[in-house]
Amino acid sequence: VAGLVNEAAAADEVPVIVAYDIPGIDCGGYSAGGASSGTLYRAWVDQIARGIGRNKAIVIVEPDALAELDCFSQADQTSSVELLRWAVTRLKEGSATAVYLDAGNAEWEPADTMASRLEAAGIGLADGFSLNVSNFVSTSLSLTYGNKLAALVGNKHYVIDTSRNGVGSDGNWCNPLGMALGQPPTTTTGHPLTDAYLWIKTPGESDGPCNGGPDAGVWWSEYALNLAINAGY
């Protein structure tokens, strides 16, 4: 992390870092894993915060964690929410760190449900929330949902992952065919509550062994090329 933020600072750029290691991650799906205990998770987040220090960085906190709460027991839900609040608090100790707590996507949880979860997990301490990480929901639908959700959590700002949403979602989240790159990363969104469009998911990294893809996170050249071709820019 220190190497990344120092390299970015030297290039007058701001790195985007995804904190993705909470216990029970991905509910046993293709990206299952995560820290084996809350203690180890806190230590891991602490290392991220130390690595960033006073440098500029954007941190996306635990994609899907709040959206997937229903797959856990009540005790584990409570533990996850407490860990998320701790992570947000620790990361915000960095004076130049922008922290966005993940809120799933516009086609997942109702806005009122997600608002309640965000509040419990410390959205009030964060800069805002993130939407559509590693998904394909269109920017227009994400904006509508984001504005509705923001109104329920004190008009917090948000960012949208546009890495693969150029043609919108067909309802499939795992390497769907016919998808396209979305709008390139920018902080000029034209929407007052939308801080940025970001490529949080690296286009071309597989979602998992589905639709002919390799394991989750593995580079898939053919898929990357099709995303670019279908974008048409």
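How many nonpolar, polar and charged residues are in the lining of the largest pocket?

## The model

This is a predicted model, in which local features need pLDDT of at least 70, side-chain atom pairs count only at pLDDT 80 or more, and totals for chains, interfaces and linings use all residues. Residues are numbered from 1 along each chain as its sequence is written, and side-chain values use heavy atoms, with hydrogens and water left out.

## The largest pocket

To answer the opening question, the lining has nine nonpolar, 10 polar and seven charged residues (Ala, Val, Leu, Ile, Met, Phe, Trp, Tyr, Cys and Pro count as nonpolar, Asp, Glu, Lys and Arg as charged, and the others, Gly among them, as polar). Of the 26 lining residues, Tyr20, Asp64, Val133, Ser134 and Asp207 lie nearest the centre of the largest pocket. A pocket here is an open set of points on a 1 Å grid over the protein atoms alone, where a 1.4 Å probe fits, with protein on both sides within 12 Å along at least five of seven lines; lining residues have an atom within 4 Å of a point.

## The second largest pocket

Here 15 residues form the lining, with Val14, Pro15, Val16, Ile58 and Leu198 nearest the centre. By class, 12 are nonpolar, two polar and one charged.

## Two packed helices

Helix 2 (residues 38-52) packs against helix 3 (residues 74-91) at an angle of about 20°, their axes 9 Å apart. That makes helix 2 roughly parallel to helix 3 (angles under 35 degrees count as such).

Technical notes:
Axes fitted to C-alpha atoms, helices over the stretch in contact; angles between N-to-C directions. Helix = DSSP H or I, 4+ residues; strand = E, 2+ residues; numbered from the N terminus. Parallel < 35°, antiparallel > 145°, perpendicular 65-115°, else oblique.
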